[in-house]
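Student: I'm new to this one. Could you pick a single part and walk me through it closely, starting from what sits inside?

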Amino acid sequence: MALILLKLFLAHILGDFFLQPKKWVKDKEKKKLKSKWLYVHIAVHLALMLLLVWDFSHWLLILLVGISHFSIDALKLILQKKKTKRFYFFVDQVFHVIAIFLITAAMFYDDVAPSLSISTSALLLIICLAFLTQPTSIIMKTIFSKWDISKYTEDNESLEDAGKYIGILERLLVFIFIIVGHWEAVGFLITAKSVFRFGDLTSTKERKLTEYILIGTLISFGIAIVVSLIFLNLKSYV
C-alpha cells in the first residue's frame, strides 16, 4: 500500500503544480465546469497515475482517485469567489490528500501497516524534494497574495523569478542539512541570509517590507523543516 500511496501523491504533485499552466487555472476560474482545461487537467492526472503505478490491475483505484479529484476541483470552482480563493486553495489540497489516502486505504484494507522498502524510501525522498520546489512556491505565493508588496519593491532592480529560485534553493539546502543531521548548518544559512538582506532592509527603511521578508523567510524555512521531520519519521519505518 505504501508504495502505491506515494506514487499517487507524486502524481498529484506533478499534475497540480508542475503540469498545470496558469492559462488553465485562469480559464477554469472563469468558465468553471465549462472549461475544457478542467477535463484536460483530470486527464493529465489519470495519465500520470497510470504511468507511475504502471499496473493496470489497479485501474479501479486510479479511476476512483480521478473521479474524486474532478469532484473536489469542480466543487472548489463552484464555491470559490475572488475573496475566498486562498481559503479554497488550501481546502482543495487538503481534501485531495485525504481522498487519495482514504481511497487507497479502502482498496488495500488488508495491507495498511506502515512498511517502507528501499524503493518506497527513495520515492518518499523524491516527493519531499519535489514538494519543496514549485508546490511550496505556489503555496507561499497564495499566502502572500493577501498583500500587495510590489509598491515597496518597484524601485529595486531584480532578476526575473530570482526570489522564487532563492527560496527553492534555501528549502532544499535546509532539507538536506536536516536529513544528514547538521542542524547547525540551518542556523548558519539563516544567519547568512539575514546578513545579505540587512542592506536591503536598512536602505528601504520600510517596516512593511521588513515584515514581508521576515514572514516569508520563516514560512519557507518552517515548511522545509516540517517536511524534513516528516521524511525522517517515515523513513524510520524502513
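Tutor: Let's start with the largest nonpolar core, which has 45 residues. The ones with the most contacts inside this core are Leu 8, Leu 61, Val 65, Ile 127, Leu 132 and Val 174. Helix H1, residues 2–18, supplies the largest share of the core, with nine residues. Keep in mind that this is a predicted model. As background, nonpolar side chains tend to be buried together in soluble globular proteins.

Now zoom in on Leu 8. Leaving aside residues up to four places away in sequence, Leu 8 touches Met 49, Val 53, Leu 61, Val 65, Ile 100 and Thr 104.

That brings us to how H1 packs against helix H3, residues 36–53. Two packed helices are described by the angle between their axes and the distance between the axes. Here the axes of H1 and H3 come within 9 Å and cross at roughly 145°, and the crossing is right-handed. On the H1 side, the residues that meet H3 include Ile 4, Leu 8, Ala 11 and Gly 15; on the H3 side, the partners include His 41, His 45, Met 49 and Val 53. Sorted by class, this contact has nine nonpolar, four polar and two charged residues.

Stepping back, the chain has 11 helices and zero strands. Of its 238 residues, 40% count as buried. And for contacts with a separation of 6 or more, 81% come from residues 24 or more positions apart.

Definitions and conventions
Residues are numbered from 1 along each chain as its sequence is written. This is a predicted model: local features need pLDDT of at least 70, side-chain atom pairs count only at pLDDT 80 or more; totals for chains, interfaces and linings use all residues. Side-chain values use heavy atoms; hydrogens and water are left out. Helices (H or I, at least four residues) and strands (E, at least two) are DSSP runs, numbered from the N terminus. Buried means under 20% relative accessible area, exposed over 50%, partly exposed in between (1.4 Å probe, protein chains only). Contact means heavy atoms within 4.5 Å. A nonpolar core is a set of buried Ala, Val, Leu, Ile, Met, Phe, Trp, Tyr and Cys residues joined through side-chain atoms within 4.5 Å. Axes are lines fitted to C-alpha atoms, for helices over the stretch in contact, and angles run from 0 to 180 degrees between N-to-C directions. A crossing is left-handed if the near helix is turned anticlockwise from the far one by less than a right angle, and right-handed if clockwise. Ala, Val, Leu, Ile, Met, Phe, Trp, Tyr, Cys and Pro count as nonpolar, Asp, Glu, Lys and Arg as charged, and the others, Gly among them, as polar.
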